Amino acid sequence: MLGVFSDFLDGLFLTYHSNGKLFSSVNYSESKIIGKYETFHPDGQKKSLSEYKNGRKNGISKFYDKNGKLVKKLKYIFCLLYTSPSPR
C-alpha cells in the first residue's frame with residue numbers, strides 16, 4: 001500500500017488479490033476518494049472503473065467481464081445514479 005496514514009488518508013492506495021495481482025487502485029485526499037477508482041479481476045483484467053469527485057461517485061462508471069469486455073455503464077452525478085427519462 002502506498003499513501004500516508006495519519007488523521008487523513010492521502011495518496012494512492014493499492015490492494016492485491018491473494019495471487020499477487022492488483023485488486024484495486026484508489027486515490028485519497030483528506031480521506032476522500034478523488035479521481036479514478038479501479039478494480040481488477042484475479043487474472044489482472046479490469047473489472048470496474050469509476051470517477052470520484054470530493055469523495056462522491058461522479059461521472060461514468062464502467063464494468064467489465066473477465067475477458068475485458070465492457071458490460072455496463074452507469075452515470076452518476078454527485079453519488080446519485082442518473083437515468084435518462086423514458087421517451088414518451
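**View 1. Ser 61, a buried residue in a predicted model.** Ser 61 counts as buried because its relative accessibility is 0%. Buried means under 20% relative accessible area, exposed over 50%, and partly exposed in between, with a 1.4 Å probe and protein chains only. Ser 61 lies in strand 7, residues 59-64. Strands (E, at least two residues) and helices (H or I, at least four) are DSSP runs, numbered from the N terminus.

This is a predicted model: local features need pLDDT of at least 70, side-chain atom pairs count only at pLDDT 80 or more, and totals for chains, interfaces and linings use all residues. Residues are numbered from 1 along each chain as its sequence is written, and side-chain values use heavy atoms, with hydrogens and water left out.

**View 2. The neighbours of Ser 61.** Leaving aside residues up to four places away in sequence, Ser 61 touches Leu 49, Ser 50, Lys 72, Lys 73, Leu 74 and Tyr 76. Contact means heavy atoms within 4.5 Å.

View 3. Strand 2 (residues 9-16) pairs with strand 3 (residues 22-29) in the antiparallel sense, over 6 bridges. Two strands pair if DSSP finds at least two bridges between them. Leu 12 stands opposite Asn 27 in strand 3. The hairpin has 5 residues between its strands, and Gly 20 takes a positive phi near 95°.

**View 4. The chain as a whole.** The chain has 0 helices and 9 strands. Of its 88 residues, 23% count as buried. Among contacts with a separation of 6 or more, 4% join residues 24 or more positions apart.
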